[in-house]
Amino acid sequence: MVYLPPPHLASASGTSYGEAYAKILAAHRRSPKTSASSVIILVAPDVDALCASKMLANIFKQDDVMHRTIPVSGHAELERIRDELTTYSDLHTLIMFNMGAIVDLPSPEWFGDFPTSVTVHVIDSSRPQNLSSVFGGGENGDRIIIWDDGGVEHLQEERKAWEVLTYAPEVDSDEDSDFDSDEDEADEEDDHDGDEDDYEDGNSESPSRKRRSLEDGGRKLGKRRRVDQPNRLSREERAQHEHRLMKYYRSGTWHGQSASGTMYVLATVLERVPDNDLLWLAVLGLTYQYLTSRISREEYDKYQSIYNDEVARTNPVPPSALGDDLKSQNPDDNSVYTSDELRFMMFRHWNLYDAMYHSSYVASKLGIWKERGRKRLSGLLARMGFSILDTQQPYPHMAKDLKQSLRQKLEQLGPGYGLVELSYPSFMRCYGYRSQPLSAGDAVEALSALLDIAGGTRIEVEIEGSRNGGEWFGSGKLWEGGREGRFRDDERENVPPDVLAQVVKAQVRAQAGADGKEGEGLDLDWWIKNFWSAYDALSDIERLREAIGLSMALHRAIIRQGSSIIDKQDIKTLRGHRVVVLTQGPDLPLFVHPGVLSRLALWLVEALRDRVDPTTPAYSRSKRKSLPFVVACLNEKAGTYIVVGVTGAADFDDVRKNEFGLAFLDAKDRCNARTRHGTFDTSVLEINKDDLKVFLETLCEGGARY
């Protein structure tokens, strides 16, 4: 068994998180070549993985384990880093956060050729998982450790099908030899075709290889060990097992327990709690999953109740003034408290009108992109007794009696406007006298903004207290990327251990120089700086509060673009899909970032949920209706489009499996479009701009797929 069940499901003699961590410590202490390159942490650029890596780094620090943290943008970057890691003679532990679950890690294409002394730990919340990595045995398989959240226990039928197809002999007939030779020839032809169909710039794995990873566990079904057994598998039985695996891999992508949640379980097993730093990071990972519609409200409530018990156990009794006016009790107060969070965008740092205006929930109920919707919002605030002047004031400066009566009046008048689910249970954290308490939702928004656009993009942020005053009066200023002390030469101890990252940078610059595109090569380095800016902000409340202004500017751009799309009727309907293509506009450089474009797609789903009819896509294996949105944005510099697919649920706070990953691959194969997967999210695709039209048409047809 090469997967780790959570502690509550592990057998008395079996291994779980604690035993796996003990083996990491033992390998590190026994290694004669102990260095920072002995333990390497690879981190995907999302808030959950960011928090998980910070938690593990804190645990390693307590145990004096030298390690190196390296951000990885996508599969292409992971391939380059894998090649570099083969030169590290002292490497014994590789830990991957939110990456690697879907690929066949034990195969020679990934980590099968690594020395037997190297163990790979995969902590990934995305599903489905590659069954070869989860159940594969042997020398290579035992070195791949999947940290599971209990979901593998429900895959017994899939496990049986995988084992039968992997180890069982072929059908018993005189055609065996012909059957095998034909499949071998077909496999060779497929591999040859896959090599020809690789994306032109060579920055991603071949579509044929990725397709094998997604659909059949990365193993070729035609090449199996032949064993002389009396009971051979019939063609009908083999077809049934293949259908079972296809159903599993093609059901779409979804998410399990957050990577930061897994790290908190590890910290609990190791008795490193109570620790509000670790608890807060786990809360941020969970909140990120909920706010980005990766998990449903039901799943969120399950984990939130667990963290609620942890908060009550490790923190003092909440003060009587618990609520939006919560204040730190002393200069060293770092307590975490539960809170009832309003679905208004960062309302404690904005004014009330803008916080409601930029809320996707309020937008969906009131239709704020139209003049009538904005009048309804103003009318609601007027009926609540809030004047225009009050609603335009920064929330901290509003009259105390208005803030105290806000929730009560919303409960009374909100249902008349369809606003019946205006809050959800969440958490807040105090930061002593250094800052006002910060909610988990606000922290996640700030960290996401840093990861997406902390550098490499010009965006104007508003200065608090000087609204709509123009540049002369200082109402806005260009975001300068924050304070990047981590990269200054006078703080060498804070420089990240980026030997490998520097190699990647050099490769990017060399490739850009060879292509005569030095400017583009430099632009590609911004995501690394963005990652470290967000990483620093996890432990620096001043940087985190600075990023709130950046997040506000980002949400203004999203609402501005989303309202323009709906108002100009730029949403086209193709066979049940809603398709939006962005080719111009002042905010176009913002939306070439996959994270920002995904936010726009989610906003459109939320805003139009009550205004468009749900459909069942032609390629869907589920009969449940959903809201499939495809949003594409032109990248003028690269001559490509960034395409994001979102499968929104018809009901609020529900989540559907995202089936766009394999739908994208299928459409690419059918129309021979030039594409590239630049991230770990299979529902995000980069496509040559000349191929976009035929790709979208092929994608939306999709009926002949199965």
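The model is predicted, so local features need pLDDT of at least 70 and side-chain atom pairs count only at pLDDT 80 or more, while totals for chains, interfaces and linings use all residues. Residues are numbered from 1 along each chain as its sequence is written, and side-chain values use heavy atoms, with hydrogens and water left out.

I begin with the aromatic rings. Rings of Phe, Tyr and Trp (its six-membered ring) pair if their centres lie within 6.5 Å; planes under 30 degrees apart are stacked, over 60 edge-to-face, and the rest tilted. The count is 23 aromatic pairs. One of them joins tyrosine 264 and tyrosine 307 edge-to-face, with 6.0 Å between centres and 90 degrees between planes. This pair links distant parts of the chain, 43 residues apart: tyrosine 264 is in helix H10 (residues 259-269) and tyrosine 307 in helix H12 (residues 297-314). Helices here are DSSP runs (H or I, at least four residues) and strands likewise (E, at least two), numbered from the N terminus. Are these two tyrosines buried or exposed? Tyrosine 264 is buried at 4% relative accessibility, and tyrosine 307 is buried at 5%. Buried means under 20% relative accessible area, exposed over 50%, and partly exposed in between (1.4 Å probe, protein chains only). Elsewhere, Tyr3, Phe135, Trp162 and Tyr167 make up one aromatic cluster.

I turn next to salt bridges. Such a bridge requires a side-chain nitrogen of Lys or Arg within 4 Å of a carboxyl oxygen of Asp or Glu. The count is 27 salt bridges. Arginine 599 and glutamate 445 form one, with their closest N and O atoms 3.5 Å apart. Because arginine 599 lies in helix H24 (residues 594-608) and glutamate 445 in helix H18 (residues 440-453), the pair ties together parts that are 154 residues apart in sequence. Arginine 599 is buried at 15% relative accessible area, as is glutamate 445 at 12%. Arginine 348 and glutamate 341 also meet in a salt bridge, at 3.0 Å from N to O, and both residues are buried. A network of salt bridges links Arg297, Asp301, Arg343 and Asp653.

Finally, consider serine 16, in the loop between strand E1 (3-4) and helix H1 (17-30). With 5% relative accessibility, serine 16 counts as buried. Its side chain reaches the backbone oxygen of proline 5 at 2.8 Å, a polar contact (N or O atoms within 3.5 Å; within protein, one able to donate a hydrogen and the other to accept it, and residues adjacent in sequence counting only if both atoms are side-chain atoms).
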